[in-house]
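Trainee: I would like to learn how to read charged pairs in a model. Can we work through some together?

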Amino acid sequence: MHMNEKVLVTGANGLLGANIVKQLPLQKYDVKIIVRENSNLKGIDGLTYEKVIGDICKYEDLERAIKDCSYVIHVAANTSQGDSFDNYFRVNVEVTKNIIALCKKHKIKRLVYISTTNCFTNGSKEKPGVESSGFMPWLKGSGYAYSKHLAQELVQSEIHHNKFPAIILAPTFMLGARDAKVSSGQLLLYALKKRIVFCPPGGKSFVDVEHVAEAAINSLYMGNLGESYILSGSNLTYKEAFKMIRKTAKRRQLLLPIPRFILITASSIILLINRIFGTDILFTPTNQKLLCLDNYFSANKAAKELGFKTTNAELAVSNAINWFKDNSYI
């Protein structure tokens, strides 16, 4: 069906990108990636791909990468904490704009745009968030979330006004092997390395990165163009998640809940310090609100239309731990 069609994967050396690069050849696709000179490629060690050395922020480099491909899976994003909004905008919005233009120019069959559930409204465990919900305005306080929202709006606008062939996928918090640059794995490493683990009052949805990668590849030929799909996993409080990590890693640790009022007070004090002294300490009221949030989502739509699988969080954690051990992170 798609024998040897070529797929460009941006962000190929990140956690999700690496898992997509691993799985694409198994589905008989050829893989192309674009990475900067001297990038950390540990996550895609031993995998098969064609490499373009370039900077995704440069239009001509992107064009070299896209021009002979049939599909694009756009994973790359600035996900770092506390960067300037200009940097988030440049990487998350302007690059997406260029990718759309180049996909149109080179008649790409389909763009799979990797968004985030930060672009939707969370729900409770009983009534988790779904695709029909909108962006929460208070998340404008997060440069990452707001820039991803703006980029997603760009894609949606092209879909609705120009019948642009794209699908939007919004994963929750991904766990698994190949997290070479340690993105979501930071939470895992925190839980593994500390004797006392502090548990914020909120929670989030933990999803197996392998299932997200599989859904991204399925989206090249499944799902409805123009649709958004939430890819969520196990909805767990932070305490439940840390307990599960402790059990999976066979660690003995003290889990200490942090009351909401302490987080609220701390973020207010830090905000004041930042204003008075011009410092840039990362614990903002937006971060505090996210830690206190029941950040839960449903993947029912993706399960029905993309064959998205149910996450076994313990297995995902186990895969991540084993990879970190094999690669001397722990």
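Mentor: Start with Glu50, which is partly exposed at 32% relative accessibility. Buried means under 20% relative accessible area, exposed over 50%, and partly exposed lies in between (1.4 Å probe, protein chains only). This is a predicted model: local features need pLDDT of at least 70, side-chain atom pairs count only at pLDDT 80 or more, and totals for chains, interfaces and linings use all residues. Residues are numbered from 1 along each chain as its sequence is written, and side-chain values use heavy atoms, without hydrogens and water.

Trainee: Which side chain does Glu50 meet in a salt bridge?

Mentor: A salt bridge is a side-chain nitrogen of Lys or Arg within 4 Å of a carboxyl oxygen of Asp or Glu. Here Glu50 pairs with Lys32 at 4.0 Å, N to O. Lys32 sits in strand β2 (residues 30-35) and Glu50 in strand β3, 18 residues apart. Lys32 is buried, with a relative accessible area of 3%.

Trainee: How many salt bridges does the structure hold?

Mentor: The structure holds 12. One of them joins Glu314 and Lys247 at 3.4 Å, N to O. Glu314 lies in helix α11 (residues 313-326) and Lys247 in helix α7 (residues 238-249), so the pair ties together parts 67 residues apart in sequence. Lys247 is exposed at 57% relative accessibility.

Trainee: What about Asp55: buried or exposed?

Mentor: Asp55 is buried, yet has no salt bridge. The nearest side chain of opposite charge, Arg36, is 4.3 Å away. Lys and Arg count as positive, Asp and Glu as negative; His and the chain ends are not counted. The Asp55 side chain does reach the backbone nitrogen of Cys57, at 2.9 Å.

Conventions:
Polar contact = N/O pair within 3.5 Å; in protein donor to acceptor, adjacent residues only side chain to side chain. Helix = DSSP H or I, 4+ residues; strand = E, 2+ residues; numbered from the N terminus.
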